[in-house]
Amino acid sequence: MFKECFDKVRNQSPLIHNITNYVTINDVANILLACGASPIMADEAVEVEEITSICSGLNINIGKLNRHMIPAMLLAGKKACELGHAVVLDPVGVGASRLRLETADFLMKEIRFSAIRGNISEIKTLMYGSGRSKGVDAAAADALSGEDVEAMAAALKEYARETGCIIAATGSVDLVCDSRTCYVIRNGRPEMEKVTGTGCQLSGLMTAFLAANPGNYLEAAAAAVAAMGLAGENGWSYMQPGDGSAAYRNRIIDAIYNMDGTILEQGARFEIIC
Amino acid sequence: MFKECFDKVRNQSPLIHNITNYVTINDVANILLACGASPIMADEAVEVEEITSICSGLNINIGKLNRHMIPAMLLAGKKACELGHAVVLDPVGVGASRLRLETADFLMKEIRFSAIRGNISEIKTLMYGSGRSKGVDAAAADALSGEDVEAMAAALKEYARETGCIIAATGSVDLVCDSRTCYVIRNGRPEMEKVTGTGCQLSGLMTAFLAANPGNYLEAAAAAVAAMGLAGENGWSYMQPGDGSAAYRNRIIDAIYNMDGTILEQGARFEIIC
Amino acid sequence: MFKECFDKVRNQSPLIHNITNYVTINDVANILLACGASPIMADEAVEVEEITSICSGLNINIGKLNRHMIPAMLLAGKKACELGHAVVLDPVGVGASRLRLETADFLMKEIRFSAIRGNISEIKTLMYGSGRSKGVDAAAADALSGEDVEAMAAALKEYARETGCIIAATGSVDLVCDSRTCYVIRNGRPEMEKVTGTGCQLSGLMTAFLAANPGNYLEAAAAAVAAMGLAGENGWSYMQPGDGSAAYRNRIIDAIYNMDGTILEQGARFEIIC
């Protein structure tokens with residue numbers, strides 16, 4: 001039940017360590033507070049092992065990647081794995097440069113991620129080695145139409161099997177898979193693409209959901225994806241005359257703040273493909 | 001026509017590479033999305049040439065400058081020039097330290113900028129080697145009164161001729177010049193100074209306008225300046241009781257989100273000095 | 001009088017140099033503008049002495065600490081002391097890693113701070129060498145109940161005497177002390193904890209209040225703390241249906257923008273323990 005997954009975040013208030021890009025770092029911290037978790041941001045190699053040790057989840061995001069952050073990602077990731085923490089990778093813009101692709105590959109070899117959360121173009125880049133992403137945004141050509149969903153779900157399940165990670169590919173339809181089961185989630189609004197960082201925020205949120213639901217990663221990851229999409233719907237319902245993408249940015253976080261397990265359970269729209 | 005300039009941004013959705021300060025990096029990304037462009041933020045020297053190659057415009061901002069970002073600025077700038085992209089320099093706080101002044105000078109020697117956009121104090125510092133800016137804000141003494149406008153327009157045209165760049169000096173009145181023509185733009189509100197990053201946002205916006213209007217840089221730069229000022233006016237019209245500078249920050253971005261070429265054409269207030 | 005302390009900020013518009021974490025750097029800049037001060041953010045060692053020389057206050061914040069920022073903190077801090085500027089330390093997350101604790105200790109040995117502003121867990125960590133903070137948030141166990149206040153005030157006064165600094169420990173009750181006098185301030189709302197960076201913003205605000213009130217640091221620090229708490233109350237009074245923590249973030253800054261000395265004087269709730 002998605003309800004339980006969210007309730008556990010609010011009840012346990014997990015402390016989440018984020019090594020994340022500076023574009024959306026404030027939004028990630030704020031959405032973690034809004035969902036009931038507690039954020040700490042730290043990317044200095046000297047302190048990240050200690051920091052991650054007091055946390056219960058680690059969120060690694062390669063957007064606006066800086067070479068000097070890679071050792072911090074590696075050290076924190078290894079320590080978090082050793083401690084059995086939830087570890088999430090967000091491969092922001094992985095198709096935009098060799099550095100980002102090589103870094104994602106390197107981190108995936110060295111760290112056993114609990115989940116990888118990217119837009120559909122980023123996940124395709126990881127799967128096939130090259131993609132069609134437009135910078136950090138998903139390529140229009142990668143949008144899923146009805147009949148594509150089943151084929152993509154099958155491919156993602158296979159990739160989840162290979163990597164041993166939950167794979168979450170988000171877009172107009174969101175797919176969240178392990179090697180056997182795929183949640184097809186239909187929450188959200190297209191206007192969310194006009195707000196920078198909704199993907200980064202979701203990866204933070206997902207880390208909190210996994211950290212609070214250690215025996216139940218697949219459902220927790222799907223619940224986080226549904227919560228973010230539903231926040232996009234609920235936030236939109238409060239839009240006033242003159243509001244635009246900046247108001248919407250705030251309203252999405254506010255909708256997470258005002259959400260609980262029951263609201264999520266009732267608002268989530270998904271089917272499961274086994 | 002300013003209308004066309006803006007419509008082209010919305011129709012082409014140019015991908016804009018930003019090497020920009022971390023104070024306002026989120027706002028710059030959000031205003032680029034709001035105007036219909038697509039942002040990518042990247043300042044790691046290893047990847048910037050590759051990143052800028054998939055873009056059509058480059059925005060370099062020296063606010064909160066870090067020495068290690070200068071090689072990235074140089075590499076990206078040279079590559080963007082080689083590819084004929086629009087390249088904009090925002091000399092934030094150039095009068096506040098030797099490092100910033102020397103970096104601006106160095107970049108201007110090495111890179112052929114399409115446009116330089118700063119507040120009036122920053123542009124004077126570039127022109128005369130020293131200025132009176134108060135940190136990153138324009139000095140009150142530099143505010144233009146009626147009779148100063150023509151003299152300043154003449155000086156800016158001369159500086160545009162010397163540098164081969166469009167020069168945009170913003171303040172209570174905004175001047176946008178090439179060597180022969182000066183747009184004098186009277187949009188905007190004084191309360192915009194109470195929001196950090198409206199200048200940085202404008203430089204991002206201007207890069208998108210130039211990228212989408214390659215044969216028409218002067219008018220595109222002027223259109224971007226008018227759009228930002230008009231967004232300040234339109235956003236202000238939605239201010240509610242209790243709102244202040246933080247609400248206004250959002251409302252300015254929202255006004256860009258809700259603007260189109262027709263709204264810009266009707267709201268722009270400017271004269272042209274030849 | 002708190003009224004005078006705030007009025008001087010608005011009248012003098014002090015330029016404040018911030019070396020601060022990238023999570024909340026934008027909020028710190030915006031709240032400084034909102035209170036009538038002028039912010040400049042600079043953390044590059046090469047330029048910080050020059051930057052701080054044109055300012056009248058320096059705000060050093062060790063959140064999301066990066067090793068490479070420590071030399072900049074040291075250089076700027078020494079120069080600011082030499083010039084007699086107000087210098088504030090915010091020991092964000094000082095209990096979360098050795099690096100942060102050692103850096104705080106090092107900076108406190110090398111720089112004579114005018115004031116240290118942290119949450120109650122952070123201040124306890126500084127005082128006793130180890131604390132119970134949950135990452136960057138105060139530990140629930142550290143919340144002050146009625147009878148604890150006097151004992152804590154006595155301990156803080158002793159620590160103020162040892163260090164020669166104003167000590168401001170914020171939480172459900174805020175204590176602001178020098179070696180002889182303690183302001184016990186009861187403004188604020190618990191929901192402020194759900195917004196990242198209210199502490200960082202307060203440290204920025206406090207630097208501006210000290211800079212504008214050089215002969216009156218204790219009262220100025222207390223006035224800044226009361227202003228932030230009152231902004232939390234006044235901002236909350238404008239919350240609308242659907243609003244949450246992101247709206248609240250903006251409303252707090254807006255409440256500072258809309259505050260003046262008279263509003264502060266009337267809204268501040270405090271007693272003084274001598």
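A nonpolar core is a set of buried Ala, Val, Leu, Ile, Met, Phe, Trp, Tyr and Cys residues joined through side-chain atoms within 4.5 Å. The views below all come from a predicted model.

**View 1. The largest nonpolar core and its most connected residues.** In this predicted model, the largest nonpolar core holds 307 residues, and those with the most contacts inside it are Phe209(A), Leu264(A), Phe209(B), Leu264(B), Phe209(C) and Leu264(C). In soluble globular proteins, nonpolar side chains tend to be buried together.

**View 2. The surroundings of Phe209(B).** Leaving aside residues up to four places away in sequence, Phe209(B) touches Cys5(B), Phe6(B) and Val9(B), together with Ala220(B), Ala223(B), Ala224(B), Ala227(B) and Leu264(B).

View 3. Over all chains the count of disulfides comes to 0. Cys55(B) is in no disulfide, since the nearest cysteine sulfur, that of Cys35(B), is 14 Å away, and with 5% relative accessibility Cys55(B) counts as buried. For Cys274(B), the closest cysteine sulfur belongs to Cys182(B) and lies 9.5 Å away, which is too far for a bond, because a disulfide needs the two sulfur atoms within 2.5 Å. Cys274(B) counts as exposed, with 73% relative accessibility.

**View 4. Chains B and C about the rotation axis.** Chain C is superposed on chain B by a rotation of 120° with 0.0 Å of shift along its axis, at an RMSD of 0.0 Å, and the two copies are therefore related as by a three-fold rotation axis. Among the residues of chain C, Tyr22(C) comes closest to this axis, with its C-alpha at 3.8 Å. The copies use different surfaces, given that 13% of the contact residues of chain C recur in chain B.

Terms used
Residues numbered from 1 in each chain as written. Chains lettered and ligands numbered in written order. Predicted model: local features only at pLDDT ≥ 70, side-chain atom pairs only at ≥ 80, totals over all residues. Heavy atoms only, no water. Buried < 20%, exposed > 50% of the residue type's maximum accessible area, 1.4 Å probe, protein only. Contact = heavy atoms within 4.5 Å. Least-squares fit on C-alpha atoms with pLDDT ≥ 70 in both.
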